[in-house]
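The following note sets out numbered points on the structure shown below.

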Amino acid sequence: MDSYDDNNIFARIIRNEILSNNVYEDEEILAFHDNNPLAPVHILIIPKVAKIIGPSEISRSDASLMGKMVYVATELARKFGIDKTGFRLVMNNGSDAGQTVPHIHLHLLGGGTLSNIA
Ligand code: 5GP
């Protein structure tokens, strides 16, 4: 298994080395607009402290943090007015899923009809 790369793009965003358009932040979680949006609303929700590459690395002790990420995503869906029209939450894991950034992240997508991939 690869080890966590402290210089991945999201780690650098957390350290404010790369600018991001943030929409939510607390001591555990940061959320910001995806810079290459695949839907009218495309927000990424990431853990700030936990060094987890992807979902396949989650352990039992991460369960509450993962639940909080989902909760923050649904709060953002309300904030951006897509909670009634519909939205999708996606976590890519590894190359077959097209994961490009090796820091676990939850995509919040909505604001229009999404392609039928799942
Ligand atoms: P993945 O394909 O790994 O699940 O998703 C990574 C996402 O991060 C992609 O949707 C991509 O557009 C986004 N992304 C990559 N680099 C940056 C960046 O520097 N800033 C922002 N805001 N998003 C990024």
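1. Salt bridges, overall. The structure holds nine salt bridges, a salt bridge being a side-chain nitrogen of Lys or Arg within 4 Å of a carboxyl oxygen of Asp or Glu. The model is a predicted one, in which local features need pLDDT of at least 70 and side-chain atom pairs count only at pLDDT 80 or more, whereas totals for chains, interfaces and linings use all residues. Residues are numbered from 1 along each chain as its sequence is written, and side-chain values use heavy atoms, with hydrogens and water left out.

2. Salt bridges of E17. R12 and E17 form a salt bridge in which the closest N and O atoms are 3.2 Å apart. E17 also forms a salt bridge with R15, and here the closest N and O atoms are 2.8 Å apart. R12 counts as partly exposed because its relative accessibility is 31%; the classes are buried for under 20% relative accessible area, exposed for over 50% and partly exposed in between, with a 1.4 Å probe and protein chains only. E17, at 42%, and R15, at 36%, are likewise partly exposed.

3. The pair K68 and E28. The side chains of K68 and E28 meet in a salt bridge with an N to O distance of 2.7 Å. K68 lies in helix α2 and E28 in the loop between β1 and β2 (29–33), so this pair ties together parts that are 40 residues apart in sequence. Helices (H or I, at least four residues) and strands (E, at least two) are DSSP runs, numbered from the N terminus. K68 has a relative accessibility of 22% and is therefore partly exposed; E28, with 33%, is also partly exposed. A network of salt bridges links D26, E27, E28 and K68.

4. Backbone at N16. The phi angle of N16 is near 65°, which is a positive value in a residue other than glycine. N16 is found in the loop between α1 (9–14) and β1 (22–25). With a relative accessible area of 66%, N16 is exposed.

5. Strand β5 and its cover. Which way do the residues of β5 point? L106, L108 and G110 point one way and H107 and L109 the other, and all are buried. In a regular strand the side chains alternate between the two faces of the sheet. Strand β5, residues 106–110, is thus described as mostly covered, five of its five residues being buried.

6. Partners of β5. Strand β3 (residues 41–47) runs antiparallel to β5 and is joined to it by five bridges; two strands pair if DSSP finds at least two bridges between them. V41 has G110 in β5 as its bridge partner. Strand β4 (residues 87–90) pairs with β5 in the antiparallel sense over four bridges, and R88 stands opposite L109 in β5.

7. H107. This residue lies in strand β5 and is buried, because its relative accessible area is 11%. The side chains of H107 and H42 are joined by a polar contact of 2.8 Å. A polar contact is a pair of N or O atoms within 3.5 Å; within protein, one must be able to donate a hydrogen and the other to accept it, and residues adjacent in sequence count only if both atoms are side-chain atoms.

8. Which residues come nearest to the ligand? Of the 17 residues around the ligand (one heavy atom within 4 Å), D34, N92, T100, H105 and H107 come nearest. A backbone N or O atom of H33 lies 2.9 Å from a nitrogen atom of the ligand, and a polar side-chain atom of N35 lies 3.2 Å from a ligand nitrogen atom. For V101, a backbone N or O atom lies 3.1 Å from an oxygen atom of the ligand. Taken alone the ligand exposes 520 Å², of which the protein buries 85%. Accessible areas come from the Shrake-Rupley method with a 1.4 Å probe; for residues, only the protein chains shown count as cover.

9. Nonpolar surface patch. V70, F87 and L89 make a nonpolar surface patch of about 200 Å². Patches consist of residues with over 30% relative accessible area and no salt bridge, like charges being joined within 9 Å and nonpolar side chains (Val, Leu, Ile, Met, Phe, Trp, Tyr) within 5 Å. V70 is found in helix α2, residues 63–79, and is partly exposed, with a relative accessible area of 37%.
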